[in-house]
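Here are a few notes to read alongside the model. Please keep the 3D view open as you go through them.

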Amino acid sequence: MAPPNISVVICVYTEERWVDILAAVDSVRGQTWPALEVLLVVDHNPTLLQRLDAEYRQHDGPGPPVRVCANAGPQGLSAGRNTGIAASGGSVIAFLDDDAVAEPDWLRHMASAYEDPRVMAVGGRTLPAWASGHRPAWFPAEFDWVVGCAYEGLPSGRTPVRNVLGGNSSFRRTVFDEAGGFAVGIGRDGDKHPLGCEETELCIRLSRTLPGAVLLLDDRAVIHHKVPAARERFGYFRRRTYAEGLSKARVTRHVGVGKGLESERRYTTRVLPAGVARGVRDALLGRRGGAGRAGAIVTGVLTAAAGYVIGSFHARRASAPSWVVEGLEAVPRPPGHTPSESSSPHPQHTEDRGLFPPAARSLGDGHRTQRTRT
């Protein structure tokens with residue numbers, strides 16, 4: 001099988017992350033496995049769009065070309081990613097958060113997994129870069145998904161999983177031709193709650209559309225995700241866990257409770273009780289933060305459960321999500337669509353979480369779980 005050429009999509013939305021955006025692009029330009037291109041998809045921010053276009057209009061530096069385009073769909077991360085998919089030309093499309101930097105071998109590890117034609121998606125390991133320089137003493141590693149990072153309980157090595165994590169992931173282009181794009185109406189879309197789970201829904205839909213598909217987590221494909229000071233606070237922790245419950249309710253409405261909560265059952269019955277026990281033990285031994293971590297785990301479970309109950313009620317009344325990006329000739333289609341012969345897999349350039357973790361139960365037995373480094 002021919003080596004993959006990889007387009008990297010970075011969705012951006014605010015000038016406040018200008019320095020972070022440039023750092024993310026530079027990290028892709030410095031990969032040992034060169035990317036085909038970098039696409040910066042700007043989410044309904046004309047000022048940022050113009051500024052980035054001016055920054056990268058004439059590419060005279062090392063590395064792949066950088067193209068800037070506007071989100072062609074409604075406001076939100078899912079539509080932005082779909083715009084990037086439709087505009088890209090790679091046989092594999094990778095996604096990187098706009099406030100993260102990838103280690104030099106990030107794409108090399110992802111590319112090597114695609115030597116197996118059964119592999120349809122590959123995710124990596126995301127490590128937190130705390131604004132304070134260290135993990136808050138009360139913050140449990142089991143809930144690092146709250147800040148978009150790998151958490152205690154994920155499998156280690158390279159192993160099959162139910163779903164990958166969106167901010168450090170890649171997919172074959174054929175996935176979107178067959179299964180459709182990211183569902184608009186599930187993830188972050190300007191809502192006051194920090195929602196998520198759009199990649200979970202996509203991966204479940206992918207596995208149903210292509211039953212033989214293999215989705216992998218490779219913890220050697222590492223990125224470092226910036227955690228601002230505001231997200232180190234307990235108030236954000238509560239809001240994010242509550243929003244995860246809301247998001248999971250939206251997902252289970254469309255994929256069913258069995259698949260929608262498959263990995264969460266093990267997480268809540270094994271990983272979290274063990275985390276509470278460690279916290280209580282550390283508190284009894286007089287170790288700093290033990291009681292806080294145990295309390296945070298219990299709070300996270302309760303707030304996520306509350307969000308799920310409330311989200312389930314609202315989800316029954318909500319409209320179905322859309323997989324289509326209007327205004328682009330080559331768009332990811334919803335399930336049930338059969339691509340026509342004229343549909344090109346390479347469009348012309350125009351442009352789980354916790355009680356509810358974002359990712360991933362190992363599909364094999366006997367894999368170790370990784371301990372998130374502090």
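1. Let me begin with a charged pair: Asp53 forms a salt bridge with Arg57, and their closest N and O atoms are 2.8 Å apart. A salt bridge here is a side-chain nitrogen of Lys or Arg within 4 Å of a carboxyl oxygen of Asp or Glu. Asp53 counts as partly exposed at 30% relative accessibility, while Arg57 counts as exposed at 56%. The cut-offs are under 20% relative accessible area for buried, over 50% for exposed, and partly exposed in between (1.4 Å probe, protein chains only).

2. Before going further, please note that this is a predicted model, in which local features need pLDDT of at least 70, side-chain atom pairs count only at pLDDT 80 or more, and totals for chains, interfaces and linings use all residues. Residues are numbered from 1 along each chain as its sequence is written, and side-chain values use heavy atoms, with hydrogens and water left out.

3. By the salt-bridge rule the count comes to 17. One of them joins the side chains of Arg205 and Glu201 (2.7 Å, N to O). Both residues lie in helix H6 (residues 198-209), 4 residues apart, about one turn of the helix. Helices (H or I, at least four residues) and strands (E, at least two) are DSSP runs, numbered from the N terminus. Are these two partners buried or exposed? Arg205 counts as buried at 5% relative accessibility, and Glu201 is buried too, at 2%.

4. Another salt bridge brings together the side chains of Arg287 and Asp282 (3.0 Å, N to O). Arg287 is partly exposed, with a relative accessible area of 47%, whereas Asp282 is buried at 9%. Both belong to a salt-bridge network that also links Arg281 and Arg293.

5. Do look at Asn168 in strand S8 (residues 168-172). Asn168 is buried, with a relative accessible area of 1%. Its side chain makes a polar contact with the side chain of Thr126 (3.4 Å); such a contact is a pair of N or O atoms within 3.5 Å, where within protein one must be able to donate a hydrogen and the other to accept it, and residues adjacent in sequence count only if both atoms are side-chain atoms. Leaving aside neighbours within four places in sequence, Asn168 is in contact (heavy atoms within 4.5 Å) with residues including Phe95, Trp106 and Met110.

6. Trp106 and Met110 are among the buried residues of helix H4. That helix, residues 106-113, is mostly covered, with 6 of its 8 residues buried.
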